[in-house]
Amino acid sequence: MTSEVLIAPSILSADFARLGEEVRAIDAAGCDWVHVDVMDGHFVPNITIGPGVVAAIRPHTRKVLDVHLMIAPADPFIEAFAAAGSDIITVHAEAGPHLDRSLQLIRSAGKKAGVSLTPQTPESAIVYVLDRLDLVLVMTVNPGFGGQAFIPAMVDKIANIRAMIGARPIHLEVDGGVTPDTAGACAKAGANVLVAGSAVFKGGTYRENIAAIRAAAQK
Ligand code: DX5
Ligand code: ZN
């Protein structure tokens, strides 16, 4: 149903000791966006990277830096992630009591604003903020780690959110357990951006892995 599906490799599965090189490699391999997973050891049970790392990778690609904040609170860090060179900043609906304010902060920093929903959060969480959104990210695993299995019940959520979005220019992104086996169902349900960590970085060539996900989504 979607004419074009964008592939956003998650650098969570990259070699952190060679991050600049890894970002250049996925760029050269034909990725559309670069997905950056920020974790705080509080909202999710893992710790990854901060704004300094986003700033460090920024010179290595001109592609969209899609920054997924799995942190609570998020608001105190939005300005720093904006200044670091993020293009899209996504916060979790579950991460704070004032989602509308967080989205306003992101847009007032001149960035595209996204909201992410963990698997148990219903789509109704975003009804009243739709007009503040540039992106909705549906988590298809529990956030915190790469390499987990896709939760099939999320396919209905993707379809419901696609219907809620209607004609608005909002990206619908799926994150977690996306492989050539699950990409088709996500795209069919209405997703137009697919994040993939393990499926891009584990084995084979990045170009072939990205192409395989794209082909499965567009079939
Ligand atoms: C999970 C992260 C995902 C993760 C995806 O908390 O938000 O972006 O890296 O990894 P895979 O594709 O391996 O499930
Ligand atoms: Zn992510």
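Mentor: Donors are N, O and S atoms within 2.8 Å of the metal, or 3.2 Å for Na, K and Ca; water is not among the atoms, so sites may look incomplete. The model is predicted: local features need pLDDT of at least 70, side-chain atom pairs count only at pLDDT 80 or more, and totals for chains, interfaces and linings use all residues. Residues are numbered from 1 along each chain as its sequence is written, chains are lettered from A and ligands numbered from 1 in the order in which they are written, and side-chain values use heavy atoms, leaving out hydrogens and water.

Start with the zinc ion (ligand 2). Its protein donors are H35 (NE2), D37 (OD), H68 (ND1) and D175 (OD), at 2.0 to 2.3 Å. Along the chain they are spaced H-x1-D-x30-H-x106-D.

Now the geometry. Six donors count as octahedral if opposite donors are over 155 degrees apart and all others between 65 and 115. Ideal angles for six octahedral donors are 90 or 180 degrees. Around the zinc ion (ligand 2), the six donor atoms subtend angles of 66 to 166°, so the arrangement is octahedral.

Strands are DSSP runs of E, at least two residues long, numbered from the N terminus. β2 spans 33–39. Buried means under 20% relative accessible area, with a 1.4 Å probe and protein chains only. H35 and D37 are both buried.

Pairing comes next. Two strands pair if DSSP finds at least two bridges between them. β2 runs parallel to β3 (residues 64–70), with seven bridges. In β3, H68 stands opposite D37. Both of these residues are zinc donors.

Step back to the sheet. It is open, has eight strands and pairs in parallel, in the order β1-β8-β7-β6-β5-β4-β3-β2. β2 is an edge strand, pairing on one side only, and so is β1 (6–9).

Technical notes: Tetrahedral: all angles 85-135°; square planar, octahedral: opposite > 155°, others 65-115°. Buried < 20%, exposed > 50% of the residue type's maximum accessible area, 1.4 Å probe, protein only. Helix = DSSP H or I, 4+ residues; strand = E, 2+ residues; numbered from the N terminus.
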